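Colleague: I am new to this structure and would like to go through the terms used for it. Please show it to me.

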Amino acid sequence: MSEETIIENRTFDEIEPGETASLTRTLTERDIQLFALVSGDVNPAHLDADYAATDLFRRVIAHGMWGGGLISAVLGTELPGPGAIYLSQSLRFTRPVGLGDTITASVTVVEKRPEHGVVLFDCRCVNQAGEDVITGQAEVRAPTQKVRRPRTALPEVHLRDHDGYRRLMELTTNGGAEPTAVAHPCSSAALLAAIEAAEAGLIEPILVGPEARIRTIAEEAGKDISGFRLVAADHSHDAAAKAVALVRSGEARLLMKGSLHTDELMGAVVPSATGLRTERRISHAYLMDVPDHPTPLIITDAAINIAPTLDEKADIIRNAIDLAHVIGIEEPKVAILAAVETVNPDMQSTLDAAALCKMADRGQISGGLLDGPLAFDNAISEAAAKEKGIVSPVAGKAEILVVPNLEAGNMLAKQLTFLGDADAAGIVLGARVPIILTSRADSLRTRLASCAVAVLLARAATKAAPGVAKAAQS
């Protein structure tokens, strides 16, 4: 076992005046977040860059006790080390510590008190410029027994900050709320989803459903809906039909699912004569915010097309590429998933993947980089792709994951959500207007993200040239 993996103390008898020990750390945003999480100190001077820019130091700074914690770490692990008992500590904070500052914490023995086995230490933290940021003294009862043992391995900690959804919300700030037909918001969760999106300035809800029931739910939830338009409907099927009619008439620019089943809503959307179909195949996409993954992941189709054909998969990809463009990905990398990364005549998903890639080569699918078949690991992990010898601009860097069928997509999205702590904002694409799908299990953040995606799509369709807008608006 190497010396780096061993922790060893200094006993009272071994310690000499003038002896010193130190450690060095560079402050990161993650350090600040972890300290705030453990301590509960959420002072915006440490966590909110906009606020910090107006505060005394004009930048995000560390909690003062973060530096104090470095001193504690030296005393507990280096000098004296294991067995030491902290008795007192004085600290004077002389300069702020900002992101990127490299701090060296050191302790120096100034006095030994044999009658109590106590050692007095001078403590100091200096930054990369050699300037003091913390000074003080510590009293420690030193150990009398020698300790030498393996260092404890620390667990990995994953922070869920969902920067992707925050950036998504920021993209919607320029522009007003979009009139949105909300079909059958007859549960507390469904009604609150619409109200919260309205309060966030994303949508202007038109509530379609049994009026008395909607008002009762709002009253029970303590919400005022007097400012919203209500369109009476007898039941969920009627609400779906009337919500779609509001879109067809131009009174609403978005459609939002309430507490009715998805197939009920889509039943009103798909008829050619009365629905919202275009020349594109309608498809569903999850915009996934996965902790520790560097980019958003679009998973499609996980809710509409059960076993899509080759032509339907082509439209599913086109819809997903359009979505990627709207959220700021100029040339999305599209991985067409299968169980393996080679073409196998006995596996239809691999044949479809190869055909779709050739269609892209011929310009039948544009706006993104396609590759497939790719197994899931090869699509998102550069290390896995390298191990398999896959040379591709998509492998390991995919931003759109095209699944072979609905079951695969649904399971993949839910695994990421329930085992990987991901958030999944759902949207239906390829209709005249974006269709917002939310779930009772969605967090407020996810519900707002779904609405934000729909708002961005609607605005993009309005700005697009007529030829481009045709597929989105028909």
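Colleague: At what angle do helix H10 and helix H11 pack, and how far apart are their axes?

Modeller: Helix H10 (residues 310-326) and helix H11 (residues 348-361) pack at an angle of about 55°, and their axes are 10 Å apart. This is a predicted model, in which local features need pLDDT of at least 70, side-chain atom pairs count only at pLDDT 80 or more, and totals for chains, interfaces and linings use all residues. Residues are numbered from 1 along each chain as its sequence is written, and side-chain values use heavy atoms, with hydrogens and water left out.

Colleague: Why is H10 called oblique to H11?

Modeller: Angles under 35 degrees count as roughly parallel, over 145 as roughly antiparallel, 65 to 115 as roughly perpendicular and the rest as oblique. The packing angle of H10 and H11 is about 55°, and that makes H10 oblique to H11. The axes are lines fitted to C-alpha atoms, for helices over the stretch in contact, with angles from 0 to 180 degrees between N-to-C directions. Helices (H or I, at least four residues) and strands (E, at least two) are DSSP runs, numbered from the N terminus.

Colleague: Which residues make the contact between H10 and H11?

Modeller: On the H10 side they are Leu310, Lys313, Ala314, Ile317 and Arg318, and on the H11 side Ser349, Asp352, Ala355, Leu356 and Met359. Contact means heavy atoms within 4.5 Å. By class, there are six nonpolar, one polar and three charged residues in this contact. Ala, Val, Leu, Ile, Met, Phe, Trp, Tyr, Cys and Pro count as nonpolar, Asp, Glu, Lys and Arg as charged, and the others, Gly among them, as polar.

Colleague: What makes H6 and H15 roughly perpendicular to each other?

Modeller: The axes of helix H6 (residues 188-199) and helix H15 (residues 444-463) cross at roughly 65° and come within 10 Å. H6 and H15 are therefore roughly perpendicular to each other. In this pair, Ala193, Glu196 and Ala197 of H6 meet Leu444, Arg447, Leu448 and Cys451 of H15. That contact has five nonpolar, no polar and two charged residues.

Colleague: Which residues of H4 are buried, and what covers them?

Modeller: Trp66, Gly67, Gly68, Leu70, Ile71, Val74 and Leu75 are buried in H4. Their cover includes strand S2 (20-26), helix H1 (29-39) and strand S3 (85-89).

Colleague: Why is Leu79 called buried?

Modeller: Buried means under 20% relative accessible area, exposed over 50%, partly exposed in between (1.4 Å probe, protein chains only). Leu79 has a relative accessible area of 2%, so Leu79 is buried. Leu79 is found in the loop between H4 and S3. Leaving aside neighbours within four places in sequence, its contacts include Val74, Val107, Val109 and Phe121.

Colleague: What makes Phe93 partly exposed?

Modeller: Phe93 has 44% relative accessibility, so Phe93 counts as partly exposed. Phe93 lies in strand S4 (residues 92-93). Not counting residues up to four places away in sequence, Phe93 touches Gly64, Met65, Val133 and Ile134.

Colleague: Is Glu264 buried or exposed?

Modeller: Glu264 is buried, because its relative accessible area is 15%. Glu264 lies in helix H9 (residues 262-269). Ser236, His237 and Ala240 are in contact with Glu264, leaving aside neighbours within four places in sequence.

Colleague: What is the phi of His184, and what is the omega from Leu79 to Pro80?

Modeller: Most residues other than glycine have a negative phi, and most peptide bonds are trans. His184 has a positive phi of about 60° although it is not a glycine. His184 is buried, with a relative accessible area of 8%. Asp421 also has a positive phi of about 60° and is not a glycine, but Asp421 is partly exposed at 39%. The peptide bond from Leu79 to Pro80 is cis, with omega near 5°. Another cis peptide bond joins Thr300 and Asp301, with omega about 0°.
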